[in-house]
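Take a look at the structure, then read on.

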Amino acid sequence: MRNRFSFVAGWAVLLHALGIAAPLTAQEGDLPAQPPPIPRAFIGAKIIPIGAPEIENGTLLIRGDRIIAVGPVDQVRIPDDAWQVDVRGKVIMPGLVDTHSHIGGGWGGDSSSPIQPDVRILDSINVRDSGFRKAQAGGLTTLNVMPGSGHLLSGQTIYMKNKRGRTIEDVVIRDPAGNILGGIKMANGTNSHREPPFPATRAKSAALVRQKFVKAQEYRRKLEKGREDPEKMPERDLEMEALVEVLERRWVVHHHTHRNDDIVTVLRLAKEFGFKVVLHHVSEGWKVAEEIAAADVPCSIILVDSPGGKIEAMNLIMETGGVLERAGVLTAFHTDDPITDSRLFLRMAALGVRAGMSREKALEALTIAGAKMLDLDHRIGSLEPRKDADFIILTGDPLSVYTRVQQTWIDGELVFDLDNPDDRLFAVGGYGAGKDQAMHLCCFGPQGHD
């Protein structure tokens, strides 16, 4: 079963790639015609579409980078030219969405200021970092990669597909106009407490944030006047430009916060300035779940079985997901990699169910809930026609400790296969799995990772 599965899927990818050659009838000077990609039908797996009932014996049909159909095997018509892949005994679900990761070795703001909205993590990510391949082994297909939490505002985040690329531009997610998508990373609590110009108290932290947003409001007013009269256009200010995007709700604020009073402070600031916010971590979110629900603010949480590291997180409990679910809060999971390993992301849902979440919401917390927080749920997070062909094939139920990710597909391309020895190395670990340049430069021996 395993050999046939890997062989057929591999040949489907290869033949698709070979299918782009120009036809023999092409005239000199003509652009080569590119035939439509070959459909691929994954037949016989249990399919967990997310947002729809699970299908015990289903078919997933894709063409190129899009899903064409998903449903029971007797209800999906397979085109005559489709490559058919037998996945009986497997489970297929959408690619996993990580709303909060630090893989790629990127750094955000420096020590010059506690608020640095002009800094872009885009300019600091190494796409050849081994963390991305480990995340592929964990089934993660979409990532929100962030700067750290040592500032009140440490910079701009980036939304990216977790596929291989030569540069970061190859993997970023763009809107229809071509703009690179991301959010803003903010934090409160004790992380930013240090010598001036950084704050030393929670009250001063909130005051500095207010001061900066008031300045951004004034800059926005100047921009409006400048559009009417070009002579009144203010000098370009990269910090203010970024915060105006936040004020106009075009960028989401991804806010690190732990203690219940810090959570409420974020809600207060969001209401005061009208920005969209996702609360991250919320170790004490279970104490103020009703307040979070009343503000209609989503939460991206992390569940670890050995909490610690800071006093603020001492009240982190595994029941948080269930408490937030019952309060009606949109809840997603995140890895905060390297805080938790991306290869173990499925485990987060299992821990959530064990502590009171429903199976439905726990699986949504790995997929569509995170997609909604990134404003990408029209493209990813569930298996539906016309959505991106991002999915994973599992050896068993996603909540079982014995289940492994067999394959990871992004935009209709196979990016991880457990049967591939090189991919398997990054899934299980071993010498060479942490040499970030080996997979591209092959500089550590004949196998590229000795």
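## Two helices side by side

Helix H3 (residues 202-228) and helix H5 (residues 260-273) have axes that come within 11 Å and cross at roughly 15 degrees; axes are lines fitted to C-alpha atoms over the stretch in contact, with angles from 0 to 180 degrees between N-to-C directions. H3 is therefore roughly parallel to H5, a label for angles under 35 degrees. Their crossing is right-handed, meaning that the near helix is turned clockwise from the far one by less than a right angle.

On the H3 side, the contact (heavy atoms within 4.5 Å) includes Arg202, Val209 and Phe213, and on the H5 side it includes Asp261, Arg268 and Phe273. By class, this contact has 6 nonpolar, 2 polar and 6 charged residues.

Strand E1 (residues 40-47) runs antiparallel to strand E2 (residues 55-63), and 6 bridges join them; pairing takes at least two DSSP bridges. Isoleucine 47 has isoleucine 55 of E2 as its bridge partner.

E2 also pairs with strand E3 (residues 66-72), in the antiparallel sense over 6 bridges. The hairpin of E2 and E3 has 2 residues between the strands, and its glycine 64 takes a positive phi near 60 degrees.

## About the model

Helices (H or I, at least four residues) and strands (E, at least two) are DSSP runs numbered from the N terminus. This is a predicted model, in which local features need pLDDT of at least 70, side-chain atom pairs count only at pLDDT 80 or more, and totals for chains, interfaces and linings use all residues. Residues are numbered from 1 along each chain as its sequence is written, and side-chain values use heavy atoms, leaving out hydrogens and water.

Note on methods:
Angles under 35 degrees count as roughly parallel, over 145 as roughly antiparallel, 65 to 115 as roughly perpendicular and the rest as oblique. Ala, Val, Leu, Ile, Met, Phe, Trp, Tyr, Cys and Pro count as nonpolar, Asp, Glu, Lys and Arg as charged, and the others, Gly among them, as polar.
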